[in-house]
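Take a walk through this protein with the model open beside you.

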Amino acid sequence: MKYENMRFGQFIKAKRQEDSREITLKEMSSELGISLSMLSDIEQMRRRPFDSEKIEAFANYLHLTDDERALMYDLAARESQKVPSDIEDTMMYSNVGTMARRAIRMTNAGIADEEDWKSFIRKLENKKGGSDG
């Protein structure tokens, strides 16, 4: 199953089990500072995802890529039905967030579509690429 199609618990379990260190539930719960039963319940999707502090600890301990970290925040937010906590401040409390919410509402209204978003993302990626060199 693709990571994007997983639920939060499935994702963290898969990432933990894929790690070459063969990390046990007990080791991971100790690293995150949560109970073994809580981590097990999260992996089995019997509890909601953990908070952003624990997400960061998990991502750092497993050396997740930026994309994997962002996906983990998105999966947690999807299950909690909230804005991903790694972008909440920007999305909800800044001028950029106001513009982003407006653009999303324009998409919902049929004014913007997937191609518009792809074009926008490519433009930003080119801008980023040009500033690194």
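Val83, Ile87, Met92 and Tyr93 make a nonpolar surface patch of about 370 Å². A patch of this kind takes residues with over 30% relative accessible area and no salt bridge; nonpolar side chains (Val, Leu, Ile, Met, Phe, Trp, Tyr) are joined within 5 Å, and like charges within 9 Å. The areas come from the Shrake-Rupley method with a 1.4 Å probe, and for residues only the protein chains shown count as cover. One member, Met92, sits in helix H6 (residues 88-93). Met92 is partly exposed, at 36% relative accessible area.

A word on the source. This is a predicted model, in which local features need pLDDT of at least 70 and side-chain atom pairs count only at pLDDT 80 or more, while totals for chains, interfaces and linings use all residues. Residues are numbered from 1 along each chain as its sequence is written, and side-chain values use heavy atoms, leaving out hydrogens and water.

Now the overall fold. The protein has eight helices and zero strands. Its pattern along the sequence reads α-α-α-α-α-α-α-α. Helices (H or I, at least four residues) and strands (E, at least two) are DSSP runs, numbered from the N terminus. The C-alpha trace spans about 50 × 35 × 30 Å along its principal axes. Of the 133 residues, 29% count as buried. The protein exposes about 9200 Å², and carbon and sulfur atoms supply 49% of that area. Contacts mean heavy atoms within 4.5 Å. Among contacts with a separation of 6 or more, 48% join residues 24 or more positions apart.

Which residues of H1 are buried? They are Phe8, Gly9, Phe11, Ile12, Ala14, Lys15 and Arg16. Their cover includes H2, H3, H4 and H5.

Next come the charged pairs. The structure holds eleven salt bridges. Each is a side-chain nitrogen of Lys or Arg within 4 Å of a carboxyl oxygen of Asp or Glu. Arg7 pairs with Glu79, and their closest N and O atoms are 3.2 Å apart. This bridge links distant parts of the chain: Arg7 lies in the segment before helix H1 (8-18), Glu79 lies in helix H5 (residues 66-80), and 72 residues separate them. Arg7 is partly exposed, with a relative accessible area of 43%. Elsewhere, Lys15, Glu18 and Glu68 are linked in a network of salt bridges.

Helix H8 (residues 114-132) holds both Glu114 and Lys118, four residues apart, about one turn of the helix. Their side chains meet in a salt bridge of 3.2 Å, N to O. Lys118 also bridges to Glu115, with the closest N and O atoms 3.6 Å apart. Lys118 and Glu115 are three residues apart in helix H8, so about one helical turn separates them. Lys118 is partly exposed at 35%, and Glu115 is partly exposed at 46%.

Arg69 belongs to helix H5. Buried or exposed, where does Arg69 fall? Arg69 is buried, because its relative accessible area is 16%. Its side chain joins that of Asn60 through a polar contact of 3.0 Å. A polar contact is a pair of N or O atoms within 3.5 Å; within protein, one must be able to donate a hydrogen and the other to accept it, and residues adjacent in sequence count only if both atoms are side-chain atoms. Leaving aside residues up to four places away in sequence, Arg69 touches Glu56, Ala59, Asn60 and Leu64.

Finally, look at the backbone. Glu22 is not a glycine, yet its phi is positive, about 50°. Glu22 lies in the loop between H1 and helix H2 (25-32). Glu22 is exposed, with a relative accessible area of 64%. Met45, also not a glycine, has a positive phi of about 65°. Met45 is found in the loop between helix H3 (36-43) and helix H4 (52-61), and Met45 is partly exposed at 29% relative accessible area. After H7 comes Gly110, whose phi is positive, near 85°.

How values were computed: Buried < 20%, exposed > 50% of the residue type's maximum accessible area, 1.4 Å probe, protein only.
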